[in-house]
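I opened the model to look up a few loops, the nonpolar cores and some helix pairs. My notes follow in the order I worked.

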Amino acid sequence: MQNRPDWEVQCEGLLQALPPEMEPICDSRGEVKDKIFVCIKGGHHDGHTDAAGVLRRGAAAIVTQKKLGLPREYIVPNTRAALARLCARYWGEPAKELRIIGITGTNGKTTTAHLLCHLLQSAGIKTGRIGTDGIVWGEKTQPNPYTTPPPTELHRILHQMVEDGITTVVMEVSSQALEQQRVEGITFAAAVFTNLSPEHLDYHGDMERYFASKAKIFSQCRCAVINTADPYGRRLLDRANVPISGYHLPWQYRCEPGRSILPWRGGQLIVPLTGEVFLPDALAAAETALVLGLTSRQVMAAMPQCPPAPGRAELLWQGMGRTILRDYAHTPDALERILRSLRRVHKGRLLVLFGCGGDRDRQKRPLMAKAAARWADGIIITDDNPRNEAPEAIRREIVVGLPKNTRWREVPDRRQAIEQTIAMMRQGDLLLLAGKGHEDYQIIQNKTTPFDEREIVTEILKSGRIPWKNCHCEK
């Protein structure tokens, strides 16, 4: 592991001055009495402006990056790092009791985490998982509004896992989390890199800064598992000063409906997912399992039994010669990969319905359209979490990327778009609902309403409104 800032030393005065039983917080809107308020400067709000008010409401201390002239203030070089260190201490340093695997990359984090968690559990290892589709350990689950929770939540969750006997945690680690030092102070037993393609450039600015954020995890891990087929993965080979296990998709593999087969470690790895898009993720999980002590025989025996990851090429309905899937693909690269994979195993028409999120990277919108036009026979453009942006403006920016003679239609309301598209499906058609995947909500003008595409498709097909001949609408 590379040398890194020693926050234990740098924050020594702070940690000695403040009792460990005082809870650290960074949100001034809740209860603050007798707590340590850490001032965090974010993109839209600077916690330093709340410091005086928080003190008046009974906060025990203020941690700040600059002199504010307030009583009980403690100045540190980096309040984000201090927050992470204080949270770890308050919750009893749970990360030190766990073997934590961090998975980073643009696409494939959730699938890799899902597969790896299954492999470890199949070997009798008590494993928890933290990621985009929720937090799971034992029989417990809870929603997760972040890919990687902030330290105030993260260490509480890790503490609960330790209390419940969990020994290993598989965690998705986003570039924002690394940039914001949410995982500062955690030493990862292994760090996994899946791939890198344009995403979150509204936050990072450009690909080099995006890559630099991702690369931070390799300065705080004991070993690395890297996709060497990715150009950024190959760059990491020189940066990661730890033992490295590389992987890449072999030339020979076979994709069938419902599963894919590829040679691996002298045998066959049977992956219970449709399409080549998931094979690098399966390899990442398999290689990481070996690093963590499983045998190749254990991996090959357990992989075919893995249940499907929610919202990843997930089958919603199949019958009457028609198939409906949903997938979380919300970047140009992810959309192209899933459509290309489906095209190789599906011989009929391929339809795709998608939109783009508001208040997010605008550069990817026309690129999503180009990816869809390259592989799909029909395109339906609709809304996908427009948030505070005008939905029609987002759709216009998508349409710009459509080549001439592309078969497409625009239906703003996503529920109506799904129903209209299902109604026009013919025998042999496959419809991909892209972008939302496991999400069960829609955000319009920052109002969140329930929107679960599995439930919506089921309701539409059971309603009797679909004019398919002899449609009994049974999955």
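Entry 1: I started with Lys-66, which touches Asp-46, His-48, Glu-73 and Ile-75, leaving out residues up to four places away in sequence. Contact here means heavy atoms within 4.5 Å. This is a predicted model, in which local features need pLDDT of at least 70 and side-chain atom pairs count only at pLDDT 80 or more, while totals for chains, interfaces and linings use all residues. Residues are numbered from 1 along each chain as its sequence is written, and side-chain values use heavy atoms, with hydrogens and water left out.

I placed Lys-66 in the loop between strand E3 (61–64) and strand E4 (73–75). Helices (H or I, at least four residues) and strands (E, at least two) are DSSP runs, numbered from the N terminus. Lys-66 is partly exposed, because its relative accessible area is 43%. The cut-offs are under 20% for buried, over 50% for exposed and in between for partly exposed (1.4 Å probe, protein chains only). I also looked up Asn-78, twelve residues from Lys-66 along the chain; their C-alpha atoms are separated by 9.8 Å.

**Entry 2: a cysteine.** Is Cys-39 buried or exposed? Cys-39 has 0% relative accessibility, so it counts as buried. I found Cys-39 in the loop between strand E2 (36–38) and helix H3 (51–56). Beyond four places in sequence, Cys-39 touches Gly-47, His-48, Ala-51, Ile-62, Val-63, Thr-64 and Thr-79. I then picked Arg-235, 196 residues from Cys-39 along the chain, and got a C-alpha separation of 35 Å.

**Entry 3: a leucine.** I moved to Leu-249, in the loop between strand E12 (244–247) and strand E13 (254–256). Leu-249 is partly exposed because its relative accessible area is 25%. Its contacts outside four places in sequence are Leu-262, Leu-279 and Leu-283. The C-alpha atoms of Leu-249 and Thr-228, 21 residues apart along the chain, are separated by 9.3 Å.

**Entry 4: cores.** In soluble globular proteins, nonpolar side chains tend to be buried together. I took a nonpolar core as a set of buried Ala, Val, Leu, Ile, Met, Phe, Trp, Tyr and Cys residues joined through side-chain atoms within 4.5 Å. The largest one has 59 residues, and those with the most contacts inside it include Leu-269, Leu-335, Ile-338 and Leu-432. Which helix gives this core its largest share? Helix H11 (residues 279–291) does, with seven residues. Apart from this core lies another of 34 residues, among them Val-183, Met-207, Phe-218 and Ala-240.

Ile-338 touches Val-277, Phe-278, Ala-313, Asp-327, Ala-329 and Leu-432, not counting residues up to four places away in sequence.

**Entry 5: positive phi.** Most residues other than glycine have a negative phi. Ala-313 has a positive phi of about 50 degrees although it is not a glycine. Ala-313 sits in the loop between helix H12 (296–302) and strand E16 (314–319), and its 14% relative accessible area makes it buried. Arg-265 also has a positive phi, near 50 degrees. I located Arg-265 in the loop between strand E14 (259–264) and strand E15 (267–271).

**Entry 6: helix pairs.** Axes are lines fitted to C-alpha atoms, for helices over the stretch in contact, with angles from 0 to 180 degrees between N-to-C directions. Angles under 35 degrees count as roughly parallel, over 145 as roughly antiparallel, 65 to 115 as roughly perpendicular and the rest as oblique.

The nonpolar class is Ala, Val, Leu, Ile, Met, Phe, Trp, Tyr, Cys and Pro; Asp, Glu, Lys and Arg are charged, and the others, Gly among them, are polar.

Next I looked at helix H14 (residues 364–375) and helix H15 (residues 391–399), which pack at about 55 degrees with axes 6 Å apart. That angle makes H14 oblique to H15. Arg-365, Pro-366 and Ala-369 in H14 meet Ile-394, Glu-397 and Ile-398 in H15. By class I noted four nonpolar, no polar and two charged residues.
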